[in-house]
Amino acid sequence: RKEQLQLLASVEAVTKDGYRMRLAGNISSVKDVEQAVKYGAEGVGLFRTEFLYMDRPTFPSEEEQFEVYRQVVEAAGGHPVVIRTLDIGGDKQLEYFPLFEEENPVLGFRAIRISLDEAEMFKTQLRALLRASAYGQIKILYPMIHTLEEVRQANAFLEEAKQELLRREQPFNHEIETGIMIEIPAAAAIADLLAREVDFFSIGTNDLVQYVLAVDRMNEKVAHLYHPYHPAVIRLLRQTVLAAKEAGISVSVCGEMAGDERALPLWLYLGVTNLSMSPQSLLRVKHRILNSTLAEGMEQGKHCYTLTTSEEIEAALAKWTKS
Ligand code: PEP
Ligand code: MG
């Protein structure tokens with residue numbers, strides 16, 4: 001079974017009626033890229049860079065980061081690589097950068113909020129990303145965005161970083177694309193406004209589900225309430241995807257839902273063609289795509305959209321997946 005799946009690595013992710021999807025990998029290291037490529041990933045949809053900052057005594061230097069980003073983009077063999085700027089805080093901490101004890105860390109000082117506050121740290125990462133963009137197709141992704149101002153501020157830092165590299169006469173892609181994670185309900189709600197400011201959206205369902213349902217994704221006590229297929233989540237997904245399409249920007253899904261093959265009818269119905277997932281899920285999802293049709297999948301996704309509870313939606317998707 002595993003060997004059979006491996007044969008699909010080099011096969012395009014196309015439904016039986018010819019609808020092409022693109023599956024990319026979520027990675028945390030250079031080694032992960034090799035695995036993603038082995039399982040047929042068409043690039044990296046999410047590089048979680050926080051792991052570069054963890055388990056070490058200080059912030060990584062521009063040079064160190066540049067090396068890693070360059071290796072990742074080179075290992076991706078010409079495919080696009082989406083690199084997310086530092087997403088610490090919440091459940092992820094750095095020993096050398098103590099954060100205040102917070103009553104509600106996931107609602108607190110984290111991700112882009114820290115980057116916008118720590119200009120030198122942020123610009124060091126941006127310069128490293130820009131320099132690596134001379135070696136392949138890198139796109140920059142900002143995490144935990146919930147306002148237009150944050151996007152504008154982040155891009156202003158990017159502009160400063162570019163000016164610094166120009167002064168140093170170091171090469172970079174002047175047209176580098178920037179995008180944002182849609183993982184806070186407010187961002188989904190103003191997706192039409194945000195879409196005018198960025199080149200792409202990446203929907204982070206892990207946090208989106210946590211925040212829209214007010215259910216801590218790490219808390220065992222409420223794990224039974226953590227429902228990715230809650231109609232509220234699906235409505236926000238739809239709203240986000242429609243806003244992206246309306247604005248003519250690309251959109252991908254990179255949370256755990258992307259690697260759940262049961263969700264395929266939803267993607268077909270919503271018109272999501274880009275999914276990014278852990279390398280281990282790639283072949284399973286591709287197998288599902290190869291055995292589905294756009295026509296039937298859309299029909300099923302549309303039907304799920306009319307259902308009223310997570311339980312009904314999940315049951316309908318599970319049944320369709322087995323059929
Ligand atoms: C997400 O929130 O869905 C996501 C992909 O990011 P992370 O899991 O790193 O928070
Ligand atoms: Mg997240």
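These are my notebook entries on what I looked up in this structure, which is a predicted model.

**Entry 1: two helices side by side**

I started with helix α2, residues 30-38, and helix α4, residues 62-75. Their axes come within 9 Å and cross at roughly 10°. Angles under 35 degrees count as roughly parallel, so I noted α2 and α4 as roughly parallel to each other. Which residues make the contact? From α2 I listed Val30, Val33, Glu34 and Val37. From α4 I listed Val68, Gln71, Val72 and Ala75. I then sorted the residues of this contact by type: six are nonpolar, one is polar and one is charged.

**Entry 2: the largest nonpolar core**

Next I looked up the largest nonpolar core, which has 89 residues. Which residues have the most contacts inside it? They are Val44 and Ile180. I also checked which element gives the most to this core, and found helix α11, residues 231-247, with seven residues.

**Entry 3: threonine 240**

I stayed with helix α11, where threonine 240 is found. Is threonine 240 buried or exposed? I noted 25 C-beta neighbours inside 10 Å. A residue is buried with 20 or more, so threonine 240 counts as buried. Beyond four places in sequence, its contacts are Ile182, Ala188, Ala191, Phe201, Ile203 and Val251. I looked at alanine 188 separately. It lies 52 residues from threonine 240 along the chain, yet their C-alpha atoms are separated by 5.4 Å.

**Entry 4: around ligand 1**

Then I turned to ligand 1. What surrounds it? I wrote down Leu46, Arg48, Asp87, Glu183, Gly204, Thr205, Asn206, Asp207, Cys254 and Gly255. By type, this shell divides into two nonpolar, four polar and four charged residues. Strand β2, residues 44-48, and helix α10, residues 205-213, each supply at least two residues of the shell. The largest share comes from α10, with three residues.

Where do they sit? Aspartate 55 is in the loop between α3, residues 50-53, and α4. Methionine 144 is in the loop between β4, residues 138-142, and α7, residues 148-168.

I compared their surroundings. Aspartate 55 has 8 C-beta neighbours inside 10 Å, so it counts as exposed. Methionine 144 has 25 such neighbours, so it counts as buried.

**Entry 5: threonine 306**

My last stop was threonine 306, in helix α14, residues 294-306. Is threonine 306 buried or exposed? I noted 10 C-beta neighbours inside 10 Å. A residue with 12 or fewer is exposed, so threonine 306 counts as exposed. I also checked proline 231, which is 75 residues from threonine 306 in sequence. In space the two are 8.9 Å apart, C-alpha to C-alpha.

How values were computed: Residues are numbered from 1 along each chain as its sequence is written. Chains are lettered from A and ligands numbered from 1 in the order in which they are written. This is a predicted model: local features need pLDDT of at least 70, side-chain atom pairs count only at pLDDT 80 or more; totals for chains, interfaces and linings use all residues. Axes are lines fitted to C-alpha atoms, for helices over the stretch in contact, and angles run from 0 to 180 degrees between N-to-C directions. Helices (H or I, at least four residues) and strands (E, at least two) are DSSP runs, numbered from the N terminus. Angles under 35 degrees count as roughly parallel, over 145 as roughly antiparallel, 65 to 115 as roughly perpendicular and the rest as oblique. Two residues are in contact if their C-beta atoms, placed from the backbone, lie within 7 Å. Ala, Val, Leu, Ile, Met, Phe, Trp, Tyr, Cys and Pro count as nonpolar, Asp, Glu, Lys and Arg as charged, and the others, Gly among them, as polar. A nonpolar core is a set of buried Ala, Val, Leu, Ile, Met, Phe, Trp, Tyr and Cys residues joined through C-beta atoms within 7 Å. A residue is near a molecule or strand if its C-beta atom, placed from the backbone, lies within 6 Å of it.
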